[in-house]
Amino acid sequence: MSNPQYMAPSGDEERVIELHLPSRLGYEKVAMDTASAMAKRMGFSHDRVDSLRTAVSEAVTNAIEHGNQHDSAMKVVVVFTGSDDGLIVDVADQGRKILDQTITERTPDIHQVLHSDDKGGWGIWLIKELMDEVQFSVAPSGGNKLRMVIHLDR
Amino acid sequence: MIDDELKVTTRQRDGIWIIDLEGDVTTFAEEAITGAYEGVSKDGAKYIIINSRQSDYINSAGIAILIGVVTEVNRQAQKLAISGLSPHFQKIFRMVGLAQYADIFATEEEAIAAMQRHQKAASEPTKQ
Amino acid sequence: MAQTQATIELIFPSQLGYEKIAREAIGTLARNMGFDPTRVEDLRTALSEACINAIEHGNQRQTQRRIHITCTISRNRLVLVISDEGLRFHPSQEIETATIEQKLAGLASARGMGLMLIEQLVDECGFLPSRPGQGNRFRLAMYNPPRRHGSATA
């Protein structure tokens with residue numbers, strides 16, 4: 001194709017995909033497949049794509065179960081921002097319940113988690129293991145926001 | 001972003017040229033496919049198989065490129081077959097009518113067998 | 001996954017290639033709704049074509065313009081509305097009718113088969129009436145079980 005408009009964009013600002021999901025378990029799969037389609041397109045290796053899928057799944061599941069307390073009318077908003085360096089994924093909920101910051105620091109013990117009702121700590125630990133950068137914040141609107149970054153090795 | 005998601009290679013089997021497509025057949029495929037077709041034609045190909053290695057994504061722009069190849073094949077009195085499409089894309093090719101102009105086979109082996117029948121028929125003296 | 005009605009939204013740049021991400025996301029939804037694999041493939045192809053139309057025509061391939069997909073699902077129906085910013089409006093409600101013979105003879109553009117394909121792949125499709133300040137809105141619907149070629153009303 002000779003048309004220059006077929007070329008990739010020069011700036012990074014346009015590579016943004018936004019996904020709004022109801023807070024019901026099962027919809028995290030849509031976010032996982034969106035993430036892997038974008039990551040494959042950006043040239044991430046298979047195992048990095050798999051890591052990203054798991055991290056996105058855990059983050060969205062957390063937002064559905066904890067942040068939005070399974071209230072399906074509440075939205076989970078996932079924003080994927082691609083750049084030459086990698087992919088940023090922001091997962092925001094509407095903050096029916098604010099994340100306990102201590103949960104983001106601890107390393108769960110397998111025996112403890114197996115016998116606990118709250119499996120959330122395990123998910124956050126996994127995300128931190130799998131992604132290159134993870135940040136937790138409370139959005140001005142009051143919801144929880146989790147930002148994870150996965151770098152392209154170049 | 002990586003847009004170059006198609007690999008096109010050509011090879012020959014018993015006087016039949018095979019153009020292998022591996023990846024997406026979309027608007028970005030035009031140069032690669034047209035180039036490969038022109039290449040085998042220059043080498044004197046009479047029997048050509050476009051073999052998709054289970055492409056998961058073929059769209060109407062990609063089909064348009066293949067229609068362009070069919071137009072040339074008709075003009076050059078060559079014979080074209082298409083193989084390796086998933087059942088879904090075989091259906092799509094029938095929907096757009098491409099199946100009337102190029103024989104469509106599930107596998108490369110079936111396409112080769114059909115081409116060999118054409119070769120044989122062409123080499124035999126015409127029966128009146 | 002879907003007991004009652006739910007809405008999913010996907011917003012992405014007007015650049016060819018992003019339709020692949022949309023088809024992954026929506027394909028996953030359709031699969032989880034219980035559509036059989038053949039129809040999921042039909043939907044994926046129809047959606048790709050609708051997105052390409054919106055990118056190329058509606059938004060004139062201006063990357064910074066957005067494509068917006070709203071997906072509404074209920075127990076037996078999936079409805080997609082693909083919106084662009086309407087830099088160019090679809091001329092009318094007509095669907096491409098050029099035959100393959102015309103295309104091969106060079107009488108019609110080999111492109112523009114998209115709408116014809118979509119029509120054959122989904123149960124309902126068509127442009128929605130335009131609203132002030134909005135671009136083209138193309139709607140397509142699939143029922144489970146199928147209900148072929150009904151009228152395209154929202």
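The model is predicted; local features need pLDDT of at least 70, side-chain atom pairs count only at pLDDT 80 or more, and totals for chains, interfaces and linings use all residues. Residues are numbered from 1 along each chain as its sequence is written, and chains are lettered from A in the order in which they are written.

Chain C contributes 22 residues to the contact, and chain A contributes 22 residues. Two residues are in contact if their C-beta atoms, placed from the backbone, lie within 7 Å. On the side of chain C that touches chain A, two or more residues each come from β1 (6-13) and α1 (18-33) of chain C. Helices (H or I, at least four residues) and strands (E, at least two) are DSSP runs, numbered from the N terminus. β1(C) gives the most to this side, with eight residues. The side comprises 11 nonpolar, seven polar and four charged residues. Nonpolar means Ala, Val, Leu, Ile, Met, Phe, Trp, Tyr, Cys and Pro; charged means Asp, Glu, Lys and Arg; the others, Gly among them, are polar.

β1(C) also pairs with strand β1 (residues 16-22) of chain A, antiparallel, over three bridges. Pairing requires at least two DSSP bridges between two strands. Here A:H20 has C:E9 as its bridge partner.

Within chain C, strand β5 (residues 137-143) has six of its seven residues buried (20 or more other C-beta atoms within 10 Å of the residue's own, all placed from the backbone). Strand β3 (residues 77-83) of chain C runs antiparallel to β5(C), joined by seven bridges. C:I82 is bridged to C:F138. Strand β4 (residues 124-127) of chain C is also antiparallel to β5(C), with four bridges. There, C:E124 partners C:A141.

Technical notes. A residue is buried if 20 or more other C-beta atoms lie within 10 Å of its own, exposed if 12 or fewer, and partly exposed in between; C-beta atoms are placed from the backbone.
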